[in-house]
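Got a structure open and wondering where to look? Let's walk through it with a few questions.

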Amino acid sequence: MLKSLAETKEGQLKSTYEALITDLKKEIKNQEITIKAFKDRISVTFVDRILFEFGKATITPEGGKVLKKVGGILKNIQGKQIRIVGHTDNIPIMPEYRYKFPTNWELSASRSSAVIRYFQNNIHLDPRNLEAVGRSFYKPIASNETSEGRAQNRRVEIIISPKLK
């Protein structure tokens, strides 16, 4: 029984990964999205420009189309936690945006919350399985010394993992 349950969960994760790869082929080819599978989790990473305009946390029309594809796949998985993690580069928020985002913490958290609101309101994902996290610039994947590195650091990750009891 225990092995059967583990195999079912592993099979579900594998089919979710395959569906994401298939449905997001164009975005992967354009280097707008990367998808990685680990033993018990999947990570889908979006470069910020596909989801948001620079310095903003409102999902773009193009971002909505991509999130609709991802959300349709996520809607079919059971027993998983879906964590949305917003990241920024280390450039301070421009003065004209500080009224809304005093620091990169607020921007990263607002972006992850915007994705969750989209999933909850448009895809009807169960909010009990969703979690918003803002990381600001404290978990870079590239150097913030170059514009290319900063662009890589401005991202949103969706992490699908086993649900904690």
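Here are some questions and answers about a pocket, its strands and a helix.

This is a predicted model, so local features need pLDDT of at least 70 and side-chain atom pairs count only at pLDDT 80 or more, while totals for chains, interfaces and linings use all residues. Residues are numbered from 1 along each chain as its sequence is written, and side-chain values use heavy atoms, with hydrogens and water left out.

Q: How much space lies in the largest pocket?
A: Rolling a probe the size of a water molecule over the atoms shows where empty space is left. Here a pocket is an open set of points on a 1 Å grid over the protein atoms alone, where a 1.4 Å probe fits, with protein on both sides within 12 Å along at least five of seven lines. The volume is the space filled by probe spheres set on the points, which are joined across faces, edges and corners. For the largest pocket that comes to about 740 Å³.

Q: Which strand gives the largest share of the lining of the largest pocket?
A: Lining residues have an atom within 4 Å of a point, and the largest pocket has 33 of them. Strands are DSSP runs of E with at least two residues, helices are runs of H or I with at least four, and both are numbered from the N terminus. Several elements supply at least two lining residues each, including strand 1 (33–37) and helix 6 (147–153). The largest share, 5 residues, comes from strand 5.

Q: Is S43 buried or exposed?
A: S43 lies in strand 2 and is among the lining residues nearest the pocket's centre. Looking beyond four places in sequence, S43 has contacts (heavy atoms within 4.5 Å) that include T34, F38 and E157. Buried means under 20% relative accessible area and exposed over 50%, with partly exposed in between (1.4 Å probe, protein chains only). S43 has 11% relative accessibility, so it counts as buried.

Q: How many bridges join strand 3 to strand 5?
A: Two strands pair if DSSP finds at least two bridges between them. Strand 2 runs antiparallel to strand 5, with 6 bridges, and there I42 partners I160. Strand 3 is antiparallel to strand 5 too, and R83 stands opposite I159. The number of bridges joining strand 3 to strand 5 is 8.

Q: How far apart are the end C-alpha atoms of helix 5?
A: The expected span of a helix is 1.5 Å times one less than its number of residues. Helix 5 (residues 104–123) has 20 residues, so it should span 28 Å. The distance between its end C-alpha atoms agrees: 28 Å.
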